Amino acid sequence: MSEFRIHHDVNELLSLLRVHGGEGAEIYIDLLQKNRTPYVTTTVSAHSAKVKIAEFSRTPEEFLKKYDELKSKNTRHLDSLVYLLSKLTEDKETLQYLQQNAKERAELAANSSASGSTNFSIPTSTSKISPQELEELRKQLGSVAASSSVLQPLELTRKILRDKQKKRNSGQPIPIFPSWVYERPALVGDFLTGVNLSTDTTVPIGTLPLASQESMIVEDLLYVLIGVDGRYITAQPLIGRQSRAFAVDPNLDLSIKELVTRILPVAASYSAVTRFIEEKSSFEYGQVNHALAAAMRTLIKEYMILITQLEHLQRQGLLSLQKLWFYIQPTMRTLEILASLATSVDKGECMGGSTLSLLHDKTFNYTGDSQAQELCLYLTKAASVPYFEILEKWIYRGIINDPYSEFMVEEHELQKEKIQEDYNDKYWDQRYTVVQQQIPSFLQKMADKILSTGKYLNVVRECGRDVTCPVAKEVIYTLKERAYVEQIEKAYNYASKVLLDFLMEEKELVAHLRSIKHYFLMDQGDFFVHFMDLTEEELKKPVDDIITTRLEALLELALRMSTANTDPFKDDLKIDLMPHDLITQLLRVLAIETKQEKAIISADPTELSLSGLEAFSFDYIVKWPLSLIINRKALTRYQMLFRHMFYCKHVERQLCNVWISNKTAKQFSLHSAKWFAGAFTLRQRMLNFVQNIQYYMMFEVMEPTWHILEKNLKLVS
């Protein structure tokens, strides 16, 4: 977390808690920065924190239920929050303050709502409600509650995702399945509830002997295990995202019924996984979910092979209910894990990086259960392939090909020419940004480097040079984080070096900076003498009377007549007549992103009409990609330095002119010349001061720091 982010968050928290006065935010910010730790809380501390809060809470069951719900949705930073809350439970003073604060805020909210709700009439306690009205009210409330609990239909969800993707990829068609895929429910591998397709007459099972009951139930179970209703076991309609429930014939023998209820969770898991596969196979849910569904489909095929083999045994009369239970047990665990993953992805509405985070966390959580971990590892590897393909293109070539908005880096359409016009332009920060929820948890630490790597290569690519990383290797998911770190580090170092060499050698960054120094830091003495001699009369006029083309012509003449003529970038120098003086410009810059910004920007220009000298400044044309470094922000800083020094130079020239005019005093007699002595002394002291302050600025401040800059630029790698 950056220093600015800490400042912002602390101020936000203080305003939420309505804390005023005291020592302000600074003391808390200093404490936070001193006590920052590079590591995150481990699973162990999060678990102990959860237990501690549950013990402290008045409703521990509700807290744990909410925690599990948020965990299943893969909510980010949940463990960090729980850890913080557990620390608060130990701090009695803070707790007391928070309780008091909450009470005050509740009272304030109650008062404001009481004053604001004038047109809301509360029925008097004497008015009674009739039974009919009560029944009507109950029905209305019931219908509202039912409608709010109904989930969005899948077709609507797909449409929302499609519209979002079309908007993002306007020139690129997104593939979609034909409508009949969704209109024909029999194509789905799940149960068709409410549709009775069977024409067989069902014999009441209670009338059959035990052996026949077992045989019939085994046949029914083999159907139910592949998503088809049996005669005596039928699937119940689904309510929301709940697990599939089954209705078993109540007349079934209790011993058989007991074993059937043990086997049915396999069918429920199969139903959940099949629904997930069918839903996430749609293109709208992205490539990662599509790859995960394909990997699950492969595992389901193996399960179907097992069921086919069991059917073969049943036809031969070799399959009893006990044998079926024995054969199905190894698959039970696999399907349970698959169903758990499918439910978590569904609940969290995960796509892309968030799906991979969830899979990675599940894989880690199964440490100690080698079979479950191996299964999760297989699924994560399969699901990560399309994500890593996008990642490889980004870190090795600087290209984003992400039609379904799944990648951690998002591209925004911005014009790079704007970097010249806008003082506070954010092209470099806003063209490509990190999407927090799409960062897989195993790449969290490297997110900034991944962003920078692609950005560097992208700059070089936009200049017409194709770049491909020579150390490019396929990125494969593994539990060993070091493997990614090394590959990303290598790609980052290459991209950084390519951009640096490109800017330094091909685009001559140092030469451009020297050119800026010549003019903005008044390095070329003879050029300024020529220029100020030529433009003296023109710059004395009010700014509205100055003809810019005339100034441009005089600038060109001064450049050609002085040593500046040898500068290869002299043609990039331009004249800029500012609409305000230097003090106003400084105030406008200081007001950026503050409360005073609007007031200062909308304020009328100073009533005093500016002279050419007060408004005069140089401007410099910088072409892409150097404009990333020498941007409008940097140029404005140089302009402000130049305006200050240029005005000092003008004052020095004026004082020198006074000295020349004082020569006429020599023709007066010695007695009358005494009257001028005080004025001459003052003029000389003023001249000494101006010359000394110029010397100090140029030779004590700017020249040494410029040498440090050049030295650092030579050493940078």
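**Exercise 1: two helices meeting**

Helix H13 (residues 321-347) packs against helix H15 (residues 370-397) at an angle of about 50 degrees, and their axes are 11 Å apart. This is a predicted model, so keep that in mind throughout. Your task: classify how H13 runs relative to H15, and find which residues meet.

Solution. Start with the angle of about 50 degrees. Roughly parallel would need an angle under 35 degrees, and roughly perpendicular covers 65 to 115. The pair therefore counts as oblique. Next comes the handedness: H13 passes H15 in a right-handed crossing. Finally, look at the side that H13 brings along: Pro330, Arg333, Thr334, Ile337, Leu338 and Leu341. Across from them, H15 supplies Gln371, Ala372, Leu375, Cys376 and Leu379.

**Exercise 2: another pair**

Now take helix H17 (residues 447-462) and helix H18 (residues 482-506). Work out the handedness of their crossing and list some of the residues in contact.

Solution. The two axes come within 9 Å and cross at roughly 35 degrees. H17 passes H18 in a left-handed crossing. On the H17 side the contact includes Ile450, Thr453, Tyr456 and Leu457. On the H18 side, Ile488, Tyr492, Ala495 and Leu499 are among the partners.

**Exercise 3: the largest nonpolar core**

Locate the largest nonpolar core and say which domains it lies between.

Solution. First, the count: this core has 85 residues, and those with the most contacts inside it are Ile217, Val260, Leu321, Leu443 and Ile450. Helix H11 (residues 254-280) gives the largest share, 13 residues. Domain 3 (180-349) and domain 4 (383-506) both contribute residues, so the core lies between them. Zoom in on Val260: leaving aside neighbours within four places in sequence, Val260 touches Ile217, Leu221, Ile233, Val248, Leu252 and Leu321. Another core lies apart from this one; it has 53 residues, including Phe569, Leu573, Tyr620 and Ile630.

**Exercise 4: one serine**

Is Ser357 buried or exposed, and how far is it from Phe442 in space?

Solution. Find Ser357 in helix H14 (residues 353-365). Its relative accessibility is 2%, so Ser357 counts as buried. Then check the distance: Ser357 and Phe442 are 85 residues apart in sequence, yet 7.2 Å apart from C-alpha to C-alpha.

**Exercise 5: zooming out**

What share of the protein's residues is buried?

Solution. Of the 717 residues, 37% are buried.

Key: Residues numbered from 1 in each chain as written. Predicted model: local features only at pLDDT ≥ 70, side-chain atom pairs only at ≥ 80, totals over all residues. Heavy atoms only, no water. Core = buried A, V, L, I, M, F, W, Y, C linked by side-chain atoms within 4.5 Å. Buried < 20%, exposed > 50% of the residue type's maximum accessible area, 1.4 Å probe, protein only. Helix = DSSP H or I, 4+ residues; strand = E, 2+ residues; numbered from the N terminus. Domains from an automatic or database assignment. Contact = heavy atoms within 4.5 Å. Axes fitted to C-alpha atoms, helices over the stretch in contact; angles between N-to-C directions. Parallel < 35°, antiparallel > 145°, perpendicular 65-115°, else oblique. Left-handed = near helix turned anticlockwise from the far one by under 90°.
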